[in-house]
Amino acid sequence: MAARILNALGGLLMHHRAVACAILLVCAGLAPPEEMAVRIKNDPSLVAPGFGAERVLLGEQASSLQRDRGAPDRIAAPGSVRLLFGDIFGYEEGPSVRFDRIFHYTYGRFTVFLLGGEVVAVAGYDSARVTTDAVNISSGVESFIFNYGNAGLERLARRTSTMYLYRNLGIAVADDGNDDSIDLVLVFPALTPRELAPRPR
């Protein structure tokens, strides 16, 4: 009888431990990569730094992209591998994100950069977006920086535009006209990939 009680108690404690771990994961805002991919694919308003945006995942194949989002309105192929921050945005100091093709979706107001048929960056132009860290893009640059902090922040200035870049997170926002509005959100591979779920011990 004592052994049966101990076994039941052990099972109960294990059940509570699993529930407690699940609660901690939810409270911490953590999700397995598969769940994050499903969320990004199903929610056009979600921006996930270092993972994807506009229902497009970094690392996704062009065939999958076109299956889910349709044929792009415009395709640009520069003929050689180019650098996203240097050749497109004119910032030599930006991360070395390489691409060889661009898909532009006019209706969805976003652009996808590909290298060898794989998505390497997504640029969105609609401010009605929220990041996975609950940062509202329509609140502007000051709010964005306030939420993400100054640690790792780089400011790339060119004429009347400034790009605010977080290499470690894999996100940048651009303010054309320096009027505190976010006119572009760019998601690219994070320099330090973020842990979405604890590793098994």
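# Sheet, helices and cores in a predicted model

Reader: How many bridges join strand S7 (residues 101-105) to strand S8 (residues 110-115)?
Author: The model is predicted: local features need pLDDT of at least 70, side-chain atom pairs count only at pLDDT 80 or more, and totals for chains, interfaces and linings use all residues. Numbering of residues starts from 1 along each chain as its sequence is written, and side-chain values use heavy atoms, with hydrogens and water left out. Strands (E, at least two residues) and helices (H or I, at least four) are DSSP runs, numbered from the N terminus. S7 and S8 run antiparallel, phenylalanine 103 stands opposite valine 112 in S8, and the number of bridges is five.

Reader: Which strands stand at the edges of the open sheet of eight strands?
Author: Two strands pair if DSSP finds at least two bridges between them. The order is S4-S7-S8-S9-S14-S13-S12-S11, with antiparallel pairing. An edge strand has a single partner strand, so one side of it is left without a neighbour in the sheet; that holds for strand S4 (74-76) and strand S11 (153-158).

Reader: By how much are neighbouring strands of this sheet turned against each other on average?
Author: Axes are lines fitted to C-alpha atoms, for helices over the stretch in contact, and angles run from 0 to 180 degrees between N-to-C directions. For the neighbouring strands here direction is ignored, and the average is 20°.

Reader: Which residue of S14 does isoleucine 171 stand opposite?
Author: Strand S14 (residues 184-187) is covered on both faces, with Leu184 and Leu186 buried on one side and Val185 and Val187 on the other. Buried means under 20% relative accessible area, exposed over 50% and partly exposed in between (1.4 Å probe, protein chains only). Three bridges join strand S9 (residues 118-124) to S14, where glycine 124 stands opposite valine 185. Strand S13 (residues 171-176) is joined to S14 by four bridges, and isoleucine 171 stands opposite valine 187.

Reader: Within what arc do the buried residues of H2 fall?
Author: In helix H2 (residues 33-42), Met36, Ile40 and Lys41 are buried, whereas Glu34 and Asn42 on the other side are exposed. What covers the buried residues includes strand S1 (46-48) and helix H3 (62-69), contact meaning heavy atoms within 4.5 Å. The buried residues line one face of H2, because seen down the axis they fall within an arc of 135°.

Reader: Which element supplies the largest share of the largest nonpolar core?
Author: A nonpolar core is a set of buried Ala, Val, Leu, Ile, Met, Phe, Trp, Tyr and Cys residues joined through side-chain atoms within 4.5 Å. The largest has 28 residues, of which Val112, Val119, Phe144 and Tyr166 touch the most other members. H3, S7, S8, S9, H5, S12, S13 and S14 each supply at least two residues. The largest share, four residues, comes from H5.

Technical notes: The arc is that of the directions from the helix axis to the C-beta atoms.
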